[in-house]
Amino acid sequence: MAKTMQGLVVRSTAGFVEVLVDGEVVRATIRGRLKNAPRTTDLCVIGDQVIVAQPDPRSYVVAEVLPRKSRFSRRQPGRGPHKEDVLVANLDQLLITFCHGRPVLNTRLLDRFLVIAEHQQIQPVIVMNKADLSEPGDPTWQRVYESIGYPVLTVSAGTGEGMDALTEALQDKISAFVGPSGVGKSSLINRILPSLDLDIASVSEHHGKGRHTTRVASLHTLPEGGFLADTPGIRELATWELPIEHLDRCFPELAAYRDQCAFRSCSHTHEPQCAVIDAVNEGAIDRERYESYVRLREEANA
Ligand SMILES: Nc1nc2c(ncn2[C@@H]2O[C@H](COP(=O)(O)OP(=O)(O)OP(=O)(O)O)[C@@H](O)[C@H]2O)c(=O)[nH]1
Ligand SMILES: [Mg+2]
Ligand SMILES: [Zn+2]
């Protein structure tokens, strides 16, 4: 029988995967039987723990993908049958990255990232890059998110501001930078791991949306312990298999109110004597966050 060992997937492309086995990265193909089995999720992504077989000393084959403890995933964009698009498996920490300057912060998208982190029980950290382009003082939105309990780290890959606190937060965890194209995810990783020299590119002036410079996600070993993933920019983020009745639990600031509504299965959208709607009207819950909740509910019902 061929020798087998366990490894961590650090890169996954159409033809092969790169697996960290005993401190060394090896290139492996995926066993045909695994590839051909029907599934509604990605077979093998960065962060996956896999069993690798070595049929001969020069080749490696992924024989088994171990169950995922957590994952950052979304519904695959586009039409066709619904399928899960897993960006990173077995994540401890989601570094939800936006920036000062361009591209402009989109709090609706930020809320989608946060909902997925809550649903998957992954610790979210909001990273605001390009601090060198910020106006003085903390913006209003930041105070809202911090009061809910979400940490916001203000950093600059350009000047190095805030990088010590960020690096400290990464230690001994599997973390991933996620966010729109052009916010500086790869730039931040280059600052933390200069030897990587990942590709970066300027935010396109046309729509200020960036150009999707990073195309394949990759996972990198941190010298102080832990792993750090770079991922391609995300424009669309629809939740995957989030039961609608769980959505209110993905907004932690609703916790104090949602059990006080008159109706037990209150959707907090139209019912009378809804404690959540009252809290929004009294200003105890941020109206923009509540709007995000309502939109995600409508989307789930569509
Ligand atoms: N002013 C300023 N610009 C920055 C900073 N960090 C990154 N940039 C610039 O932002 C642009 C985009 O950086 P990338 O690192 O390629 O962004 P990305 O998030 O990896 O983009 P994708 O790979 O397309 O998802 C580049 O022009 C960087 O030089 C910063 O701290 N300050
Ligand atoms: Mg990039
Ligand atoms: Zn309610």
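Guide: Start with a strand, meaning a DSSP run of E with at least two residues, numbered from the N terminus; helices are runs of H or I with at least four residues. Five of the five residues of strand β11 (residues 174–178) are buried, so β11 is largely enclosed by the rest of the structure. Buried means that 20 or more other C-beta atoms, placed from the backbone, lie within 10 Å of the residue's own; exposed means 12 or fewer, and partly exposed is in between. This is a predicted model, in which local features need pLDDT of at least 70 and side-chain atom pairs count only at pLDDT 80 or more, while totals for chains, interfaces and linings use all residues. Residues are numbered from 1 along each chain as its sequence is written, with chains lettered from A and ligands numbered from 1 in the order in which they are written.

Visitor: Which residues of β11 lie on one side and which on the other?

Guide: In a regular strand the side chains alternate between the two faces of the sheet. Here Ile-174, Ala-176 and Val-178 are on one side of β11, with Ser-175 and Phe-177 on the other, and all of them are buried.

Visitor: Which strand pairs with β11 over four bridges?

Guide: Two strands pair if DSSP finds at least two bridges between them. Strand β8 (residues 93–99) pairs with β11 over four bridges, in the parallel sense, and Ile-96 stands opposite Val-178. Strand β13 (residues 227–230) also runs parallel to β11, with three bridges; there Ala-229 is opposite Ala-176.

Visitor: How many residues does the largest nonpolar core have?

Guide: A nonpolar core is a set of buried Ala, Val, Leu, Ile, Met, Phe, Trp, Tyr and Cys residues joined through C-beta atoms within 7 Å. The largest one has 65 residues, and Val-88 and Leu-94 have the most contacts inside it. Helix α2 (residues 107–120) supplies the largest share of this core, six residues. Contact means C-beta atoms, placed from the backbone, within 7 Å. Beyond its neighbours within four places in sequence, Val-88 touches residues including Ala-176 and Ala-229.

Visitor: Which residues come nearest to ligand 1?

Guide: A residue is near a molecule if its C-beta atom, placed from the backbone, lies within 6 Å of it. Of the 25 residues around ligand 1, the nearest are Gly-158, Ser-181, Gly-184, Thr-214 and Gly-233. Helix α5 (residues 185–192) gives the most to this shell, three residues.

Methods. Two residues are in contact if their C-beta atoms, placed from the backbone, lie within 7 Å.
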